[in-house]
Amino acid sequence: MRTKSLKKNKINVITLGCSKNVYDSEVLMGQLRANGKEVEHEAPAEKEGNIIVINTCGFIDNAKAESVNMILEYADKKDRGLVDKVFVTGCLSERYRPDLEKEIPNVDQYFGTTELPQLLKALGADYKHELLGERLTTTPKNYAYLKIAEGCDRPCSFCAIPLMRGSHVSQPIEKLVKEAQGLAKNGVKELILIAQDLTYYGLDLYKKRNLAELLEALAAVEGIEWIRLHYAYPTGFPMDVLELMKREPKICNYIDIPLQHISDSILKSMRRGTTQAKTTQLLKDFRAAVPGMAIRTTLIVGYPGETQEDFEILKDFVQEMKFDRMGCFAYSHEENTHAYLLEDNVPDDVKQARANEIMELQSQISWDLNQEKVGQVFRCIIDRKEGAHFVGRTEFDSPDVDNEVLIDASKHYVKTGEFVNIKIIEATEFDLYGEPA
């Protein structure tokens, strides 16, 4: 019988939070694999491995609670001898390391968001500079995230990200192109560009907003067929990106632009640097420049001082703009942010009721927009087979957050990882049902 001392070390990486954390975990795993380490991503309990790395999120209360619970779970497993070592990295660790070290001392070591070389050393590996851009991707083989910048220079009052991720730092175009070429060689067809703020890209490196030039360079990469934009900021949006989106078929007619609110008094308190009039005009400019583009946004309700009147203004805006996709969150009062100085004076039940009301509105808008798609044919990428369906997406849908196209696997066969023309035969609020055209 094998004893514990003979067991080969196996590292299990657990990722919590956003796509930027997924990217960081993939870079970590790429480095570990290059060092000859056995590494898995979120392996099931029976294959878990004896060394655990938890990549945490510290963005809002729910995310922090999930991260703390995961750390406690594995600290307990370590106590019971089920795992040998537990390491914690990511945003929560960056933001609350002294507290975590005090409250959960059974973790072997905590690391911040910029301490990859130190984390690797603790795992018995060396940081390999020559691996620039090489990762062990965890997404389906046909798409991957491409992080084009780290950190954020925006002064938004409610946001703790600059505390955890630091100032904005763009990645050079040539490095990102090389990374995209490597991904394409491995079968990736869709790049999802992520950053805290895509629109700021290039200001630090090239002294100008340079997103359009980056997109041109990425569109030239052989094998990449879709490029999707996530997390644009409404102030200072580089309009040349829209011209490129219109003429370059590889760039999806899709943008994720978190607006957060629309009432002028709330926008001012949030330090968003814009107004309702400017934002409304920007969205009209988007739709005029790229007819049919899908716009995803995110809203916050229950921000300090949000009155019923502010909320009604937001509801009217949602009705008027008819966003293709939307998320809505109840405000989370985050220490060390500018808004933390304000009184968190909207009761939790009111925050939640307002969030539910906005999502109810959006549900009806989404239903109406989806009914218009019935009978139309869309080019879809097939991500996976799940249960009785193949699951795909149109260019207007991002993985995990948007609509999916479901194809009955008992009647039709489509190849995962490939593009297929699908005719939509039925639609609900958040799903489309189709068959090969």
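Analyst: Strand 17 (residues 419-427) and strand 18 (residues 431-436) run antiparallel and are joined by 5 bridges. Strands here are DSSP runs of E of at least two residues, helices are runs of H or I of at least four, and both are numbered from the N terminus. Two strands count as paired if DSSP finds at least two bridges between them. Lys 423 stands opposite Glu 435 in strand 18. The two strands belong to a closed barrel of 5 strands, in the order 14-15-16-18-17, with mixed pairing. From one strand to the next the twist averages 55°, with axes fitted to C-alpha atoms and angles taken from 0 to 180 degrees between N-to-C directions.

The model is predicted: local features need pLDDT of at least 70 and side-chain atom pairs pLDDT 80 or more, while totals for chains, interfaces and linings use all residues. Residues are numbered from 1 along each chain as its sequence is written, and side-chain values use heavy atoms, without hydrogens or water.

Helix 8 (residues 211-219) has as its buried residues Leu 211, Ala 212, Leu 214, Leu 215, Leu 218 and Ala 219, buried meaning under 20% relative accessible area with a 1.4 Å probe and protein chains only, as against over 50% for exposed and in between for partly exposed. They lie on the same side of helix 8 because they cover an arc of only 160° around the axis, taken from the directions from the helix axis to the C-beta atoms. Their packing partners include strand 6 (143-147), helix 6 (173-185) and strand 9 (190-194), contact being heavy atoms within 4.5 Å.

Ile 262 sits in the loop between strand 11 and helix 10 and counts as buried because its relative accessibility is 0%. Leaving aside neighbours within four places in sequence, its contacts include Leu 267, Thr 279 and Phe 317.

Thr 274 lies in the loop between helix 10 (264-270) and helix 11 (276-289), and is buried because its relative accessibility is 13%. Not counting residues up to four places away, Thr 274 touches Thr 235, Leu 267 and Thr 279. The side chains of Thr 274 and Thr 279 make a polar contact at 3.4 Å.  A polar contact is a pair of N or O atoms within 3.5 Å; within protein, one must be able to donate a hydrogen and the other to accept it, and residues adjacent in sequence count only if both atoms are side-chain atoms.
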